[in-house]
Amino acid sequence: MKKFSGVGVALVTPFDETGRVDEHSLRNLVNYVVDGGVDYLVALGTTSEAATMTADERAFVVQVIAEENAGRLPIVLGIGGNNTAQVIHDLATLPYLRLGDAILSVTPYYNKPSQQGLYNHFKAIAEHTPLPVILYNVPGRTSVNMTAAITLKLARDFENIIAIKEASGNFEQATAIISGMPENFIFLSGDDGIALPLVSIGASGVISVIANVMPNEFSTMLHLALESEYGEARQIHLQLGEMFKALFEEGNPAGIKAALHARGVIACQKLRSPLCEVSEALYQKIKRLGE
């Protein structure tokens, strides 16, 4: 399952001025990141605004990504939620799951389950899908943190739980997972800005936002780090530092959509409410940083 090491890109969903999915821009984006050197594609993640899409739109987005990718790279599909029964139903019924090579499943949000509740949730998911499962811990969005102990128990108990996208930003927790995880388990950074230091302690890659717009630069940095070429990798990391920060200054994916629009990869930076476009000042800053 090392095909999920390296750089996975959390693809945005371009919308046109009327708010409909912009198929042409989405196809353009897929080719842009594939040509830029990323290792796999992530569809229907947080950055895709999947929470504001209808079931038909989500199916359409996956279909377009799969068609344009044409088998070049593995595809990871975001399949998660805060209702375990609904997630299990989706795993049994969503026809586009056949287009994915793995699923990325977020810790249940809003409900604030206990650690045992988190274990039970992911146990049910692992038992109801033949696909590899990548756990996703992002307490800044979900209001619950999955501890290293539960992550490691899930990794040991279920062969198809193969990785974690860890976005807690907690190095002590990351260290505990990396030092205790099974040999073939994959630790992925959930934050671009700390991907390099996490690789230095044993992470195998990242699921990235910035790789939408700077796939070549970011993938080069990450691959150098994986080859222990830290001098060159550090130079690129430092060059990207301001962009890491700017992309999240007014929220994600507002920043990355601004960057993609400024670079001409997508035709419109439209977001769906309650999200909105970045301020003009930030747009100009992102445009300058991307030049």
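Leaving aside neighbours within four places in sequence, Ile210 contacts Asp192, Pro215, Phe218, Leu240, Met243, Phe244, Leu247 and Ile256, contact meaning heavy atoms within 4.5 Å. The model is predicted, so that local features need pLDDT of at least 70 and side-chain atom pairs count only at pLDDT 80 or more, while totals for chains, interfaces and linings use all residues. Residues are numbered from 1 along each chain as its sequence is written, and side-chain values use heavy atoms, with hydrogens and water left out.

Ile210 is one of the residues that touch the most other members of the largest nonpolar core, together with Leu41, Ile65, Leu154, Phe187 and Phe218. This core has 91 residues. A nonpolar core is a set of buried Ala, Val, Leu, Ile, Met, Phe, Trp, Tyr and Cys residues joined through side-chain atoms within 4.5 Å; buried means under 20% relative accessible area, exposed over 50%, and partly exposed in between (1.4 Å probe, protein chains only). Helix α10 (residues 230–247) gives the most to the core, with 7 residues. Helices (H or I, at least four residues) and strands (E, at least two) are DSSP runs, numbered from the N terminus.

The largest pocket has a volume of about 880 Å³. On a 1 Å grid over the protein atoms alone, a pocket is an open set of points where a 1.4 Å probe fits, with protein on both sides within 12 Å along at least five of seven lines, and lining residues have an atom within 4 Å of a point. Grid points are joined across faces, edges and corners, and a volume is the space filled by probe spheres set on the points. Of the 34 lining residues, Leu44, Ala50, Ala51, Gly80 and Tyr109 are the closest to the centre of the pocket. The elements giving two or more residues to this lining are α2 (55–69), α3 (84–93), β4 (102–106) and α5 (139–142). By class, the lining has 17 nonpolar, 12 polar and 5 charged residues; Ala, Val, Leu, Ile, Met, Phe, Trp, Tyr, Cys and Pro count as nonpolar, Asp, Glu, Lys and Arg as charged, and the others, Gly among them, as polar.

Leu44, in the loop between β2 and α2, has a positive phi near 65° and is buried, with a relative accessible area of 6%. A positive phi, near 70°, is also found at Ser143, which is partly exposed at 48%. Most residues other than glycine have a negative phi, and most peptide bonds are trans. A cis peptide bond joins Asn252 and Pro253, with omega about 10°, and another runs from Ser273 to Pro274, with omega near 20°.

The whole structure holds 8 salt bridges, each a side-chain nitrogen of Lys or Arg within 4 Å of a carboxyl oxygen of Asp or Glu. Arg27 pairs with Glu23 at 2.9 Å, N to O, both residues lying in helix α1 (residues 23–36). Arg27 also forms a salt bridge with Glu67 at 2.7 Å, and this pair links helix α1 to helix α2 across 40 residues. The side chains of Glu49 and Lys257 meet at 2.7 Å, and both residues are buried. Shared partners join Glu23, Arg27, Glu67 and Glu68 into one network of salt bridges.
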